[in-house]
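This briefing covers aromatic contacts and charges placed over rings. Please look at the structure before reading on.

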Amino acid sequence: MKQDSDAVDVPACFISNHEGFFGSIKNFIRDFVVTEIDVNGQQVNRAAATHASQIPHCAFPQKTSETSTEWKEHYNFQVIQDTDVSADCRVDVTVPSPGSFDLSMILGQSVSEELEQFVVSLRDEKEEDENPANKELSLGYFADKHQRANVHRAVRHRFPFLMTVTIQPEIRVREDPDYRELSQLVTEEEAEDFFRFIDAKVRDSSYTFQPDDNKEHRTAVHHFLSRRFGKLVETKSFSEEERTAITVRLRERGRPKKRTAEDRKEEEVYTAFTLRKENLETLEAISYMAAALGILPSDFTYAGIKDKRAITYQSMVVKKVSAQRLKEKTAEFEKRGMRLSHVHSVSEPLRLGRLQGNHFDLVVRHLRPHGPGDTHPSGADTHTRLAVLVKEAVENVKAKGFVNYYGPQRFGSGQTVQSDQVGLALLKEDMVNAVRLFFTPEDGNDPQSQAKRHFLQTDNAKESLALMPLSKARERLMLRALNRYGTGPDGCAQAWLSLPHSMRVFYPHAYCSRVWNEAVAHRLATLGHIARQGDLVWIQTGQNKLEDREESSAQIHVVTDQEEQEGVYSLGQVLLPMPGNTVKYPENAMGTWYQERLTRDGLENCRFRVGSLKLNLPGCYRPLLAFVHNLSYQLQIAASGEEGGQMTGNSSRKSDRNLNVTAVEGKQDSDLFTLTLNFDLDTSCYATICLREIMKCDL
């Protein structure tokens with residue numbers, strides 16, 4: 001039996017107890033065809049995709065804090081913290097009157113005095129070389145967001161070295177690490193004045209530090225300001241009377257340059273198309289097309305990522321490219337294994353998750369029963385045995401579904417270092433290790449592996465970039481950034497930031513997917529195949545299903561002891577959370593398992609945010625089981641391009657159809673038995689995992 005090297009990625013835990021059979025997949029590219037199903041239930045290679053509302057594949061709970069909305073309304077800069085924070089040094093407001101900063105009026109006399117004492121204690125600890133970084137004070141609870149904004153502004157104006165943190169509706173204060181770092185480079189008075197300048201954000205204003213004749217020291221100040229405030233300010237050194245000082249100016253945030261009608265017309269052009277690709281990653285195909293069209297990869301939008309080792313059909317929308325121009329490039333794209341169809345103009349981009357699922361047309365070759373090879377020596381007996389095994393397997397999976405594991409492609413099929421390991425390093429904010437894991441080469445001497453190996457051996461990003469194939473968009477983006485910013489922690493962080501957000505977040509998601517796979521295997525092994533007390537289930541409202549829309553965690557129900565005894569819920573209704581910062585964990589042994597599993601990887605205190613990379617992982621709930629729809633199959637014998645008799649069967653979610661077995665004639669060599677399967681899966685479900693349940697073997 002043919003097996004992929006990544007079979008170990010997915011735990012061997014099954015729902016049904018049928019015997020299964022051996023076989024191999026993806027012997028030929030045409031053996032694995034994936035066709036996206038649009039939101040109207042149509043396969044995209046048969047009709048142009050429509051643009052209906054988005055259907056996400058898992059339910060995200062609403063955030064328990066409104067700080068991210070509040071942040072967007074009041075701030076214009078991302079602060080790198082472990083919690084949702086509101087640091088008024090980034091506030092974009094008109095400078096208020098001095099009276100509006102009266103803390104005793106805003107906080108009350110007692111809290112204001114308590115804050116004064118807190119500031120004194122911070123300064124005392126600093127003078128004694130103690131570390132007050134973890135020390136904080138609660139200012140109380142403020143239900144109104146405008147009141148919270150006033151508190152943030154007043155505290156920051158009075159004490160520029162403090163950071164205000166909102167954990168709705170409570171506001172806490174702690175020492176601002178940015179202030180601490182800057183005060184080690186300049187005087188405390190300068191640091192406070194600088195932060196007041198940042199807070200005020202007076203248009204066309206500037207702030208100049210004291211003259212500094214030490215070039216290395218000025219460089220350190222420049223680097224700090226660029227790293228922490230680069231989106232807000234620009235810095236430059238000016239010489240006057242043989243003294244040099246750093247001047248900071250706010251970046252121009254006035255009215256944008258007036259666009260011409262032609263500019264607006266070009267930017268508002270969206271063209272939709274169906275992409276057929278063969279043996280290409282989705283992002284690799286986008287890189288090819290972007291280069292040919294002279295646009296950015298981020299100008300392409302899509303509903304989902306498709307397999308590389310397959311023929312796939314999916315919807316895409318490209319910005320700033322007309323339908324006519326896109327059609328002119330089709331011949332060039334075909335040379336790269338891409339074919340475009342259904343090209344037409346649309347009014348908006350495509351959103352990730354905007355699909356109903358995927359249709360699969362698969363061929364499993366070289367079928368044979370499990371067990372010793374001489375158990376069924378006759379070809380006719382083998383076929384009879386296989387017919388029984390296939391029927392039993394299909395009926396079981398149709399009725400019971402399969403464990404909804406993430407497939408091996410989620411982690412990077414066949415790679416020496418897999419994506420979840422990179423994701424773990426990112427969650428630990430170990431940027432250098434994450435980069436080195438990302439550039440770990442495979443065993444071969446292909447150009448990509450040679451370029452990666454050269455980077456790890458020499459740390460020379462420029463030379464490695466010259467060696468890296470043009471088709472490897474992610475690697476080249478990273479190497480360009482490493483060449484520009486260096487290979488230290490800050491440079492590696494910039495390298496990750498050079499990737500589009502969807503690429504960056506893929507790696508932490510891969511780690512969370514690995515944990516989810518292990519969690520479901522442990523859940524089934526220890527708690528069995530029924531809904532247990534403390535399990536999480538989805539409470540449906542009306543006709544809504546888990547896959548239909550984003551919901552609050554209030555619709556995640558915890559199974560009670562009585563409900564377990566009465567069998568109110570089935571295993572198919574049980575959910576397990578993807579680790580994140582807003583999910584609820586099971587209230588049974590699985591909750592403890594999650595804690596221990598994350599602790600084992602050093603993430604016991606992880607808040608699933610990587611502020612420096614602008615990554616936030618709220619988590620989601622994923623059904624423990626998945627179900628196959630519209631399943632049909634054929635078991636047949638093929639030799640030298642000829643097909644013998646066949647056994648056929650069909651099933652669907654709405655009805656069951658009788659299986660029919662016809663006499664089989666032809667070659668009796670069991671290696672020639674093939675199974676053709678056609679079925680639909682919901683979004684984020686994996687055909688290879690469904691096949692594992694049917695065949696009871698790794699693929």
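How many aromatic pairs does a search of the whole structure find? The search finds 25 aromatic pairs, where rings of Phe, Tyr and Trp (its six-membered ring) pair if their centres lie within 6.5 Å, and planes under 30 degrees apart count as stacked, over 60 as edge-to-face and the rest as tilted. The model is predicted: local features need pLDDT of at least 70, side-chain atom pairs count only at pLDDT 80 or more, and totals for chains, interfaces and linings use all residues. Residues are numbered from 1 along each chain as its sequence is written, and side-chain values use heavy atoms, with hydrogens and water left out.

**Phe-194 and Phe-229**
- The ring centres of Phe-194 and Phe-229 are 5.4 Å apart with the planes at 75°, so this pair is edge-to-face.
- Because Phe-194 lies in helix H6 (residues 188–200) and Phe-229 in helix H7 (residues 215–229), the pair ties together parts 35 residues apart in sequence; helices are DSSP runs (H or I, at least four residues), numbered from the N terminus.
- Phe-194 and Phe-229 are both buried, meaning under 20% relative accessible area (1.4 Å probe, protein chains only).
- One aromatic cluster includes Phe-194, Phe-229, Tyr-179 and Tyr-207.

**Phe-438 and Trp-496**
- Phe-438 and Trp-496 pair edge-to-face, at 5.6 Å centre to centre and 75° between the planes.
- Both of these residues, Phe-438 and Trp-496, are buried.

**Charges over rings**
- The charged end of Arg-622 sits over the ring of Tyr-406, 3.8 Å from its centre (NZ of Lys or CZ of Arg within 6 Å of the ring centre and within 35 degrees of the ring normal).
- Arg-30 lies over the face of Phe-28, 4.5 Å from the ring centre.

Methods
Helices (H or I, at least four residues) and strands (E, at least two) are DSSP runs, numbered from the N terminus. Buried means under 20% relative accessible area, exposed over 50%, partly exposed in between (1.4 Å probe, protein chains only).
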